[in-house]
Amino acid sequence: MKLVVVGDSLLDVDVEGTVERVCPDAPAPVLDVVGEHARAGGAALAATMAARDGVDVTLVSALSCDAAGERLRSLVEVPGLYGRTEAVPVKTRLRCGGTSLARMDHGGSGTPQVTDDMLDAVLSADFVLASDYGRGLLRDERLRSVLTRVPVVWDPHPRGPAPVPGVRLATPNLAEAKAFSELTDPDAAAAELVSRWRARAVVVTLGGQGALLHCGGTPVAVPAPAVQIADPCGAGDRFAVTAAVRLAGGAAPDDAVADAVAAAAEFLRDGGVSGMRAPLPSTVDSVRRRGGTVVATGGCFDVLHTGHVRMLAAARALGDCLVVCLNSDLSVRRLKGENRPVNRESERVEVLRALESVDDVVVFGEDTPENVLGRLRPDVWVKGGDYTADQLPEAAVVRRWGGRSVVVPYHRGRSTTEILSRRA
């Protein structure tokens, strides 16, 4: 099954820290920043969720050519087709102890461009999730016309347009359903939207109370399991993705909605979007507990050669464990070109873990490892090459927690590019 997620993509940034004092000039908390975590949001978050579920998914969205757009592009974990927009929306949350203190938004201006390739991708899908974040992409008339010709689940937004006629399922939350229908009763709002939108079904999500599904007859109430919610961000995307995938697989609407409610509850129980971060290797915690030194290095490690092996051995000698931060397949492709990597991500992980010098491997999807370093917080960051320690791009990041960056000898003539050029 080929799923296309089409809609507005955002750049979400969590700035995390501690609060132990207030401003001397105002009753405002002072956040002492200890780390920053960026992730793909909006339609890009929904596509990421689907990919991590094992679904063949393509993202169709619009990105800007500025720094925020390029950063967002580097965070997307799935293949994508993009039109241009003036400035992608950036949402920055200031967080302490798992709680948001404030959010700052900027960007999101301009009319998103829709290309012929984007339309072709939507038409070729077995199923489509329209993920609207009110930024204009799903207002495009050519795109809306194409969306009437494929099966669609539509996740609406109060600032966005109504779904196209004939969607398999629309998934407004209660506030959105009330705004679109101009009715306050959930039952009446759902029935009105089925008629007004000419949708096959409308499900109104009710947070901790579950969801209410209306297919034109008697509404179906789907209760939600009780969960303690630390961070509700992303729950709507989790619901819509699960509903779309289950409907695409042939499930009845009530079964798809029941599974979506359960998936959203599990997502929240696991920490929401914060819980989507890959867990850190247990080796790191073990070494830290006994006061040892954690060493990390990073790269593509596509075709392993003697230069890699010597560099990894030298890095391991600097501490008590070595974690390799490995570029994902999509990240390598962006950095090295469409013919790379030669070896798939799973194969590169297996080979690295087989080395005596490597204790564990963490895969990251961005072009650079700043985000994974912020979570790993190594005591020593190691690179091989023609750098000085201060020239390393990651040096400033590592200094935030008192870590240090070092360079180990660079072995000229021993590189993946050199090896591949000799083969050619």
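Helix α1 (residues 43-52) is mostly covered, with 8 of its 10 residues buried (buried is under 20% relative accessible area, exposed is over 50%, and partly exposed is in between, using a 1.4 Å probe and protein chains only). Helices here are DSSP runs of H or I with at least four residues, strands are runs of E with at least two, and both are numbered from the N terminus. Keep in mind that this is a predicted model, where local features need pLDDT of at least 70, side-chain atom pairs count only at pLDDT 80 or more, and totals for chains, interfaces and linings use all residues. Residues are numbered from 1 along each chain as its sequence is written, and side-chain values use heavy atoms, with hydrogens and water left out.

**Helix α1 and what follows**
- The buried set in α1 is made up of A43, A44, L45, A46, A47, T48, M49 and A50.
- After α1 comes G54, with a positive phi near 90 degrees.

**Domains**
- The protein chain splits into domain 1 (3-275) and domain 2 (282-421), with bounds that come from an automatic or database domain assignment.
- Taken over C-alpha atoms, the centres of domain 1 and domain 2 are 34 Å apart.
- Domain 1 puts 12 residues into the contact and domain 2 puts in 10 residues, where contact means heavy atoms within 4.5 Å.

**The largest pocket**
- The volume of the largest pocket is about 1000 Å³.
- For the pocket search, a 1 Å grid is laid over the protein atoms alone, and a pocket is an open set of points where a 1.4 Å probe fits, with protein on both sides within 12 Å along at least five of seven lines.
- Grid points are joined across faces, edges and corners, and the volume is the space filled by probe spheres set on the points.
- Its lining has 41 residues, and P232, C233, G234, A235 and G236 lie nearest the centre; a lining residue has an atom within 4 Å of a point.
- Two or more lining residues come from each of β2 (9-22), β3 (29-42), β6 (90-96), α7 (235-248) and α8.
- By type, the lining divides into 21 nonpolar, 10 polar and 10 charged residues.

**E266 in α8**
- E266 belongs to helix α8 (residues 253-269) and is partly exposed, at 44% relative accessible area.
- E266 and R238 are 28 residues apart in sequence, and their C-alpha atoms are 9.6 Å apart in space.

- Most residues other than glycine have a negative phi, and most peptide bonds are trans.
- R198 has a positive phi of about 55 degrees without being a glycine; it lies in the loop between α6 (186-197) and β11 (202-205) and is exposed, at 58% relative accessibility.
- R377 also isn't a glycine, yet its phi is positive at about 50 degrees; R377 is in the loop between α13 (370-376) and β17 (380-384) and is partly exposed at 31% relative accessibility.
- The peptide bond from R340 to P341 is cis, with omega near 5 degrees, and P341 sits in the loop between α11 (329-336) and α12 (345-354).

**Cysteines**
- The disulfide count is 0, a disulfide being a pair of cysteine sulfur atoms within 2.5 Å.
- For C321, the closest cysteine sulfur is in C325, 11 Å away and so too far for a bond.
- C321 is buried at 0% relative accessibility, while C215 is partly exposed at 43% relative accessible area.

Technical notes. Nonpolar A, V, L, I, M, F, W, Y, C, P; charged D, E, K, R; others polar.
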